[in-house]
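Hi everyone, thanks for coming along. Please have a look at the sequence and the structure on the screen, and then I'll walk you through a few places in it.

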Amino acid sequence: MTVVFVKGQNAPLAAQQVRIMVDASVAVDLSALLLAETGRVRTDGDFVFYNQPAAPGLTWLTGGAGGAQRVEIDLAKIPADVDRVIAVISPDDRTMTFGSGPAPVARLVEATGTELGTFTMQGLSEERAVIAWELYRRGGAWKVRAIGQGYSGGLAQLIAAHGVDVEQEEPPPAPVTSSPHFPGTSGPVTSSPHFPGTGAAPAAAASQQPLPEVGGPLEERLYQQVWSIFQDAARSTSALRSAVGYAEQRRDNEVGELLNDPRLRNSPQTAAARAEADRRHDELVRRAETDRRRDVDQLVTELRSLSGTLPAPMAAWDSPRWRDWRLPETMTAGIRVGDVHVPESPELRIPLLFRLPLMRALWIDSTGADRAAAQAMARSVVVRLLAAHPPGQLSVQVADLAGGGAAGRAFDGAHLGGAPGGAASVPVAATPQALSDMLEHLVERVDLVQMAMRAGAMGSPYENIDGGRRLLVLHDFPYGFDEATFARLQYLLNEGPEAGVHVLMVADPADSSTLGPMVGAVWRSMARLPVLSGDHMGDPWVGLTWTFTPDVTTGSAAVDEILARLARQANGQ
């Protein structure tokens, strides 16, 4: 039986040989990409289209009525290091968009000719390239998912986002909707002020210096697995809500038509038709909920097996992984800040990971929380960042004017000031002048690193300039700020990440009203992290609202042990 897919819906794929085709009102080109776990092609040879018709397991063909294109996929021949296959459509006329005509329909057909599924890509407007289907590995088997993800920049923008080397005459427009890449990866995920990890480097940072070595192959796979589970949960939830909404709309329309004629409202025929409309509604909702339950059960099982293998900075504070934690030799792939879930699946609590190195500033939103809770959240995040960096490769500075420097005492006795042998206490700015000096020194550091980059320094020059990366923990913004210090902060937010200078801000936006509209850009450039359990966060992928539970350090022996080891390191022990 053919499955009629809605956007985000997935299903098991039993067939090993399938064919993808598209019905559209205009001539379209069909192409496909083989993607590794990173969401990018391994080589340019993993892109299959009319000028490159074959790749391992993929064959591009044309023929039949109107010369329709198709991609044939032999899943048994897909290389083991390929995580998924995406099928892409784009208008043959590059000036056209998909919003100018009827919605295209993507078809998935078994090699025998049996149609497995159809997906009508509704709601397209300015898109000039769309990801139709995604075939992906899950638990040793293959699944298929309806994507419907559009790019206004056309095929060149889409394939470049997935790692294909493309020469472009001019920069493409931003994607119309968010990329299916995981948050915090190098893909073109649309930035969101609400969900952490969803943005790439600031637009002002144009340097192409290589990133420092991060984690290892196993750790990277674990990180991607977590975000794969998040992605599946998001789209499964979206598919359930879409199916339920469709069922309710269809029933309302059918019942409305029955009631249009007053003479038939109370007739037996109308009652029977209403009962049939209710039955069809209930059946469609039941099938959608069954599919959702199957997905959730599978994802819960995956998370259960995954949780014991995550490295300590990506694990919960009560995880046994902290007992054998050691200072890493390379930067860990990410840090955990809490977990998220949706109301439909409270049992599916997905770790919320933030990608390292930090390429967006973090904003701990203290709205509704007392100062102690906000400081505890900041301390938790800072200690995780320290635990994720090699010795001496992250130095912490604290600005706390409203508290008179009290926030800096959360790290008393620890060595957070750079390479071993340096100052054993955290530099703290407790006055406006000290804040100005601290920001000025960080600005000078960014300028120094940028000069080294422009001079052609190889690698990451900030790792060789006075002790590695810098983290500024800024409490109670904008207390103590004037126009000059605000301008320096903006510069650090825009230029700092590429130069190894990062900002973690603890603040309530309501306190920023004194600075006027110019402060709005600051909040929009940062990734928000709530303090209160049960706060909500919106994601930019399918537009869901997630309930967030922070993972805070209160009562955790792991935190004190990390700080103690840093102190012993500072003393050469």
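**A walk through the model**

Let's start with Arg84, which lies in strand β9, residues 84–91. A word on naming: helices (H or I, at least four residues) and strands (E, at least two) are DSSP runs, numbered from the N terminus. Please keep in mind that this is a predicted model, where local features need pLDDT of at least 70 and side-chain atom pairs count only at pLDDT 80 or more, while totals for chains, interfaces and linings use all residues. Residues are numbered from 1 along each chain as its sequence is written, and side-chain values use heavy atoms, with hydrogens and water left out.

Is Arg84 buried or exposed? Arg84 counts as buried, because its relative accessibility is 4%. Buried here means under 20% relative accessible area, exposed means over 50%, and partly exposed is in between, with a 1.4 Å probe and protein chains only. The side chain of Arg84 joins that of Glu134 in a polar contact of 3.1 Å. By polar contact I mean a pair of N or O atoms within 3.5 Å; within protein, one must be able to donate a hydrogen and the other to accept it, and residues adjacent in sequence count only if both atoms are side-chain atoms.

Now to the sheet. Six strands form an open sheet in the order β18-β17-β19-β20-β16-β21, with parallel pairing. At the edges stand β18 (428–429) and β21 (527–530), each with a single partner strand, so one side of each is left without a neighbour in the sheet. Two strands pair if DSSP finds at least two bridges between them.

Let me zoom in on β17, residues 394–399, which runs parallel to β18 and is joined to it by two bridges. Val398 stands opposite Val428 of β18. Towards β19 there are six bridges, and again the two strands run parallel; here Val396 has Leu471 as its bridge partner.

Why do we call β17 largely enclosed by the rest of the structure? Because six of its six residues are buried. In a regular strand the side chains alternate between the two faces of the sheet. In β17, Leu394, Val396 and Val398 are buried on one side, and Ser395, Gln397 and Ala399 are buried on the other, so both faces are covered.

Next, the helices over this sheet. Helix α5 lies across β17, β18, β19 (469–475) and β20 (501–507), and runs at about 150° to β19. Helix α6 lies across β19 and β20, at about 125° to β20. Axes are lines fitted to C-alpha atoms, for helices over the stretch in contact, and angles run from 0 to 180 degrees between N-to-C directions.

How do the two helices meet each other? Two packed helices are described by the angle between their axes and the distance between the axes. For α5 (residues 432–454) and α6 (residues 483–495), the angle is about 35° and the axes are 10 Å apart. The crossing of α5 past α6 is left-handed, meaning that the near helix is turned anticlockwise from the far one by less than a right angle. Among the residues that meet are Leu439, Leu442, Val443 and Val446 in α5, and Tyr491 and Leu492 in α6. The residues of this contact divide into six nonpolar, three polar and four charged. Nonpolar covers Ala, Val, Leu, Ile, Met, Phe, Trp, Tyr, Cys and Pro; charged covers Asp, Glu, Lys and Arg; the others, Gly among them, are polar.

On to some backbone details. Most residues other than glycine have a negative phi, and most peptide bonds are trans. In the loop between β19 and α6 we find Asp476, which has a positive phi of about 60° although it is not a glycine. Pro478 is also placed in the loop between β19 and α6, and a cis peptide bond joins Phe477 to Pro478, with omega about 10°. The bond from Leu356 to Pro357 is cis too, with omega near 0°.

Last stop: Arg528, in strand β21. At 10% relative accessibility, Arg528 counts as buried. Its side chain makes polar contacts with Asp365 at 2.9 Å and with Asp535 at 2.7 Å.

How values were computed:
Contact means heavy atoms within 4.5 Å.
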